[in-house]
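Hi everyone, thanks for making time today. Let me put the sequence and structure up on the screen, and then we can walk through the side-chain packing together.

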Amino acid sequence: MALFEVEAKLHVKLSPAYLGNLQAGIFDQLNKSLLKHIDDLGGVVLSYDHVRVLSKHASIHNDDPFLYVPISLSTLMFAPTVGDKLEAVVTRHGRDHLALLVYGLFNASTSARKIPRSVKYVPGQTVIFAVDSLKIHGRILSLEGHLCEGPAVAATTPSKLMNIASADSLTTNRATKAKKRRTEL
C-alpha cells in the first residue's frame with residue numbers, strides 16, 4: 001500500500017535560538033520535512049500528529065552547537081513500491097512522454113513508447129498508473145511507470161487523500177520496522 005502510518009522516535013536537531021521555545025523549534029523542523037523523502041521513515045512525509053517530547057533533557061554532540069531533542073510522533077507516509085497501481089491525472093502529453101500528477105502532489109511520467117499511438121490523453125484526464133521505478137533527488141520523489149487498466153491501490157484517489165490523512169484508523173503496513181528505527185531531522 002502506498003499510504004501508511006508510522007509511529008517513530010526521532011532526534012530533532014534544533015538551533016540554540018529555540019532554547020526559549022522548544023515547541024516552536026520542533027514544529028519548525030517537522031514542517032521542513034513535509035513532502036520530503038526521509039529514508040529512515042521509509043517514504044515521503046505527508047503529515048504528522050501526536051508529537052511528544054520524550055525527555056526533559058536535550059543533548060549536544062561533540063562541538064556541534066545544535067540541541068538534539070528526542071521526540072515521538074505519528075506520521076502519514078507515501079511510499080509506493082514497484083508494481084503499485086495509483087490513480088493519476090494527466091498534466092501534459094508531450095512528444096516523448098506523458099506527464100502525470102499522483103495525489104495532486106507527486107510527479108510521474110511514462111515514456112511515449114509505452115503509450116499506444118491510437119490513444120490520445122488530454123490534461124485533466126484521470127488514468128491508472130503502474131510504478132516501474134522510483135527516483136529520489138534532493139529528497140524529492142518522482143515516479144516512472146506505465147499506464148494500465150484496473151483499480152488503483154486501495155482506492156486511494158486524490159479526492160480521498162485528505163480523508164485518509166485525517167482518519168483515525170490508518171494502515172500500519174511497514175510500521176513495525178519503522179517503530180524500531182531512530183532518525184534525525
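Let me start with a question: which residues do ring pairs link into a cluster? They are Phe 78, Tyr 103 and Phe 106. For the pairing rule, rings of Phe, Tyr and Trp (its six-membered ring) pair if their centres lie within 6.5 Å, with planes under 30 degrees apart called stacked, over 60 edge-to-face and the rest tilted.

Before going on, a word on the model: it is predicted, so local features need pLDDT of at least 70 and side-chain atom pairs count only at pLDDT 80 or more, while totals for chains, interfaces and linings use all residues. Residues are numbered from 1 along each chain as its sequence is written, and side-chain values use heavy atoms, with hydrogens and water left out.

Back to the rings. Searching the whole structure gives three aromatic pairs. One of them is Phe 27 with Tyr 48, stacked at 6.1 Å centre to centre and 25° between the planes. Phe 27 sits in helix α1 (residues 22-33) and Tyr 48 in strand β3, 21 residues apart, so this pair links distant parts of the chain; helices here are DSSP runs of H or I with at least four residues, strands are runs of E with at least two, and both are numbered from the N terminus. Phe 27 is partly exposed, with a relative accessible area of 28%; buried means under 20%, exposed over 50%, and partly exposed in between, using a 1.4 Å probe and protein chains only.

Phe 78 and Phe 106 are stacked too, at 4.3 Å centre to centre and 15° between the planes. Phe 78 is in strand β4 and Phe 106 in strand β7, so the pair ties together parts 28 residues apart in sequence. Phe 78 is buried at 0% relative accessibility, and Phe 106 is buried at 4%.

That brings us to the cores. A nonpolar core is a set of buried Ala, Val, Leu, Ile, Met, Phe, Trp, Tyr and Cys residues joined through side-chain atoms within 4.5 Å. The largest one has 23 residues, of which Phe 78, Leu 100, Val 102 and Leu 143 touch the most other members. A second, separate core of 17 residues includes Val 12, Leu 14, Leu 73 and Met 77.

Finally, two lysines. Lys 9, in strand β1 (residues 3-14), is partly exposed at 42% relative accessibility. Lys 13 lies over the face of Phe 66, 4.7 Å from the ring centre; the rule asks for NZ of Lys or CZ of Arg within 6 Å of the centre and within 35 degrees of the ring normal.
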